[in-house]
Amino acid sequence: MHVRFLSVADFRSYEGADLALSPGVTTLVGLNGEGKTNLVEAIGYVATLSSHRVANDAPLVRFGAERATVRAAVVRDGRESVVELEITSGRANRARLNRSALTRPRDVLGTLRTVLFAPEDLALVKGDPSERRRFLDDLLVQRQPRWAAVRGDYDKIVKQRNALLKSAMPVLSRRGRRGGRRPDQAPVADEAASALHTLDVWNDHLAAVGGQLLYARLRLLRDLQPLLAEAYGQVSAADSEASAVYRSSLHEEAAAALAAGEVPEPDEVRGLILESLARVRDQEIERGVGLVGPHRDDVVLTLGELPAKGYASHGESWSFALALRLASYRLLRHDLGDDPVLILDDVFAELDVGRRDRLADMIADCEQVIITAAVGEDVPDALTGARFHVKHGTVTGEVA
Amino acid sequence: MYEGVVQDLIDELGRLPGVGPKSAQRLAFHLLQADAADVERLTAAITEVKAKVRFCEICGNVAEGQTCRICNDPRRDGSAICVVEEPKDVVAVERTREFRGRYHVLGGAISPLDGIGPDSLRFTELMSRLASGEVREVIIATDPNLEGEATAAYLARLLRSFEDVKVTRLASGLPVGGDLEYADEVTLGRAFEGRKTLT
Ligand SMILES: Nc1ncnc2c1ncn2[C@@H]1O[C@H](COP(=O)(O)OP(=O)(O)OP(=O)(O)O)[C@@H](O)[C@H]1O
Ligand SMILES: [Mg+2]
Ligand SMILES: [Zn+2]
């Protein structure tokens with residue numbers, strides 16, 4: 001698929017801008033702060049209804065304006081769909097698809113698919129586990145939107161369960177742990193018993209929903225792993241292999257099996273979570289916080305023998321993050337039987353000449369690639385195509 | 001901050017559910033400017049409802065006496081109890097005219113985030129009702145959200161000790177009159193799980 005037309009109004013620094021795009025490579029060139037990323041952010045927003053830079057929508061609306069609009073024409077298999085979004089900070093978005101208003105804006109998800117690499121992605125390698133969890137979960141949602149609901153439910157369960165552990169901690173650590181009657185023998189016998197009882201209920205919830213999420217992540221990682229190694233190998237032309245290993249918060253034996261690449265059946269995953277929860281019960285009660293579940297997991301990225309975090313050079317980390325996005329691209333391409341739109345924001349400046357050229361080779365067959373660069377010369381000559389100059393909120397075209 | 005009584009009124013209104021500080025202020029000034037007779041009627045209604053209406057000692061539904069209309073009605077089937085979160089849910093189930101049994105109102109759902117645990121809900125009262133042995137079926141009709149499901153699961157655990165009581169849960173399914181293609185994934189997923197055999 002490709003974006004044929006993008007139009008923004010009161011979005012970020014733009015009062016208004018229209019951009020006619022074609023398949024192939026498009027490069028946006030301009031000095032720092034002139035609005036290149038703002039444009040690709042708008043395209044990403046149409047695909048995901050969220051920004052890759054900020055968690056809430058307020059900064060997307062031009063300072064002083066009330067609402068932003070983004071309109072994009074997306075062509076897939078020769079058929080064009082027009083998505084129109086109205087972003088008002090602090091309120092629900094409004095969305096139109098081919099001129100008709102949608103009751104649920106998220107129904108536009110899937111019309112446009114993008115894979116976006118941005119400098120912020122360095123955090124995938126260098127940042128907290130939460131960055132890597134979000135990477136996996138976002139990709140799950142891109143593949144199947146229903147995962148957004150599962151993830152939302154899971155977050156709520158974790159919050160409820162943590163609140164319970166925190167509030168029940170004094171009661172529970174006083175009694176109930178030892179000596180107390182088994183909860184199912186004594187209906188609401190006392191405060192401690194009923195707190196334990198409630199904890200069991202939330203454990204079941206956590207294992208059921210968290211089990212689905214964990215199972216989906218493991219399968220995703222299994223699919224992604226070979227594509228990651230391939231993409232990294234192609235960009236770097238180095239011998240050390242890039243790999244991503246799931247580090248789970250389950251009990252030791254289970255975690256070791258998952259790290260070895262095993263993907264148990266969903267029911268089994270659920271059982272493993274329950275078992276692990278049982279083993280840390282005393283600890284959780286003592287500390288008043290949940291210790292097991294997909295929200296405590298991580299993905300360990302390694303280059304050859306060494307962990308990427310803390311060891312990889314800047315350029316290697318950059319290439320690793322890029323390889324994660326390129327692997328996602330290839331995975332989605334395979335799922336859809338169609339190319340998502342590839343967006344590379346500021347990717348070239350940080351790569352050596354060899355890596356630039358090899359990246360250019362890799363993306364040559366993509367249906368549409370949108371590239372931004374502050375310095376036009378950083379983009380390899382092999383990437384011909386349209387070139388736009390971005391300056392002061394205006395975009396001027398010039399075919400290179 | 002306003003002076004004494006005005007601020008007291010704002011504070012009191014602000015404690016009502018769904019009323020934030022801004023709305024509390026707006027309501028307070030509305031009342032200050034309203035006709036004395038209008039305010040009189042409002043306070044009378046509040047006083048009266050507090051004096052006359054209370055919660056049924058048996059089921060927790062709203063009642064004008066010690067027990068509610070449904071508990072007092074000898075034609076209702078005492079062998080089935082439908083457990084709901086709030087009195088408004090009784091009204092909703094009653095509208096269906098499907099159910100001829102009695103109710104039990106828990107007074108909310110388990111939500112640790114809001115400080116609501118089993119001890120602040122009317123579970124003990126339900127257990128005593130079951131102890132009489134008359135009840136054959138408990139229908140759990142808590143809300144189909146996470147807290148409602150947790151409450152249902154908790155109750156199901158409690159009820160394990162009553163071996164001859166059948167425990168059922170309302171099916172959550174597709175809205176009638178809706179289009180399949182417009183149902184969200186969660187609803188559709190639940191409807192799949194709860195599917196029925198036709199042949
Ligand atoms: N809501 C907003 N209202 C007005 N201006 C905004 C808003 N959000 C961002 N900007 C402006 O947009 C500019 C940043 O644009 P953008 O991030 O697209 O730059 P860029 O061309 O990608 O630069 P670089 O090469 O440094 O990455 C900043 O000058 C910022 O002040
Ligand atoms: Mg930029
Ligand atoms: Zn009653």
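**Helix on the sheet.** I started with helix α1 of chain A, residues 36-48. In this predicted model, α1 lies across β1 (2-11), β2, β4 (67-76) and β5 of chain A. I looked up its direction too: the helix runs at about 110° to β1(A).

**The sheet itself.** Next I traced the strand order in chain A. I get β2-β1-β4-β5-β6-β7, six strands in an open, antiparallel sheet. Which strands sit at the edges? They are β2 (14-20) and β7 (100-101) of chain A, each pairing on one side only.

**One pair up close.** I picked β5 (residues 79-88) and β6 (residues 94-97) of chain A, which pair in the antiparallel sense over four bridges. For A:Glu86, I noted A:Arg94 in β6(A) as the bridge partner.

**Ligand 1.** I then turned to the ligand and counted 16 residues around it. The closest are A:Ser13, A:Asn32, A:Lys36, A:Thr37 and A:Asn38. Sorting the shell by class, I have seven polar, five charged and four nonpolar residues.

**Where the chains meet.** Last stop was the contact between the chains: 22 residues of chain A are in contact with 21 of chain B. Which helices of chain B supply at least two residues each to the side that touches chain A? I found α6 (123-131), α7 (146-159) and α8 (185-193) of chain B. Of the elements on that side, α7(B) gives the most, with six residues. By class, I wrote down 12 nonpolar, five polar and four charged residues for the side of chain B that touches chain A.

How values were computed:
Residues are numbered from 1 along each chain as its sequence is written. Chains are lettered from A and ligands numbered from 1 in the order in which they are written. This is a predicted model: local features need pLDDT of at least 70, side-chain atom pairs count only at pLDDT 80 or more; totals for chains, interfaces and linings use all residues. Two strands pair if DSSP finds at least two bridges between them. Two residues are in contact if their C-beta atoms, placed from the backbone, lie within 7 Å. Axes are lines fitted to C-alpha atoms, for helices over the stretch in contact, and angles run from 0 to 180 degrees between N-to-C directions. Ala, Val, Leu, Ile, Met, Phe, Trp, Tyr, Cys and Pro count as nonpolar, Asp, Glu, Lys and Arg as charged, and the others, Gly among them, as polar. A residue is near a molecule or strand if its C-beta atom, placed from the backbone, lies within 6 Å of it.
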